[in-house]
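Please look over the structure below before reading the points.

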Amino acid sequence: MAIDLYGILGLGKDATPEEIKRSYRKLVRELHPDVNPDEEERFKEVTAAYDVLSDPEKRQRYDMGGSDGFGGFEGGGFGGLQDIMDAFFGGGGGFSFGGGSRGPRSRVRRGEDLLVGASLSMAETAFGVTREITVDTAVACTACRGEGTAEGTAAESCTTCRGRGEVNQVARSFLGQVMTTRPCPACGGAGSVITHPCAACSGEGRRRERRTLTVKIPAGVEHGMRIKLTGEGAAGPGGGPPGDLYVEVDELDHEVFERDGDDLHCKVTLPMTAAALGTSVDLLLLEGETEQVDVRAGTQSGSVITLRGRGVPHVRSAGRGHLHVHVEVTTPTDLDAEQERLLRELAALRGEERSEGGGGGGGLFGRLRDVITGR
């Protein structure tokens, strides 16, 4: 049965590159061995499928030849989905016509890249922080030094392929008989088998271990950004080099500030009298300092006061964004008799007590008074 790479990602053949990327990221979050250890094999399948479908050239070759009768993506007889990818796209196992040979594939392979999340406050993402994170990942086995064999033993030549790592097979197609070469199913293409595996790692050359790492989060990072720690990923099989570790930033909401790139926004509420006469407001900034914000007399509700250079530091250059203070002016709703009298006098002095149009009702201020007092 042909392997459906689109089905592995939960997509149809008409999926766009963006849909492929979005589905891959979603599945990686769900199936990553650090989150769901029981789904490690499916995680590998998803990664292999994405490696093909995210590359336009490989995707085209898969769409044209994935189920064309040559047996290129058939599930039987291969050591796993990665062997299939290697076979069709020129990996270590080889897949040639006319009996071509690539030789045995090395047991030594690079380890997997890892992705972990780090929940950070807005102040931590803005100004940087050093954080310790814990990861459960594969590390090189110290008992066998990554070779996978028990002490005093070594891997033995595979009797099925006689150390070549490949076997030949004659298949019939519409072109006639075709000689194909595929990885040896007995040794997985390595040309040798481990008959006495290391007891500590079961022949894998690596074992799982919980590690604590110190990560320096630079100032100015945003939600969704990833910090790369080279060589801190999973150790490779057979003593291979480790992959990389990516720390994805999860920025938490702030109770006062909202972030837009490197700019910050916040709201300040002022009574009507303060906005009319002018005032100053002490604002506690994101970094913990207090800034005095001057509000000019006559400031209207909806006005924005910009404090330049008081936003988030730029992550790739010097300087900072701006802080935008949004002013909201409130109208009193609980005037007592004396306050109402004074406001009526003010309205009269300003000529705002006049009636508008032909209707009665005490003019504009009178109508505003009725709204304020609920009459």
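The notes below take the residue and then the helix pair.

1. This is a predicted model, in which local features need pLDDT of at least 70, side-chain atom pairs count only at pLDDT 80 or more, and totals for chains, interfaces and linings use all residues. Residues are numbered from 1 along each chain as its sequence is written, and side-chain values use heavy atoms, with hydrogens and water left out.

2. Arg206 belongs to strand E8, residues 206-217 (strands are DSSP runs of at least two residues, helices H or I runs of at least four, numbered from the N terminus). Arg206 has a relative accessible area of 9% and is therefore buried (under 20%, with a 1.4 Å probe and protein chains only).

3. Helix H2 (residues 17-31) and helix H3 (residues 40-53) have axes that come within 10 Å and cross at roughly 165° (axes are lines fitted to C-alpha atoms over the stretch in contact, with angles from 0 to 180 degrees between N-to-C directions). H2 and H3 are therefore roughly antiparallel (over 145 degrees).

4. Residues in the contact between these helices include Ile20 and Tyr24 of H2 and Phe43 and Val46 of H3 (contact means heavy atoms within 4.5 Å).

Terms used: Buried < 20%, exposed > 50% of the residue type's maximum accessible area, 1.4 Å probe, protein only. Parallel < 35°, antiparallel > 145°, perpendicular 65-115°, else oblique.
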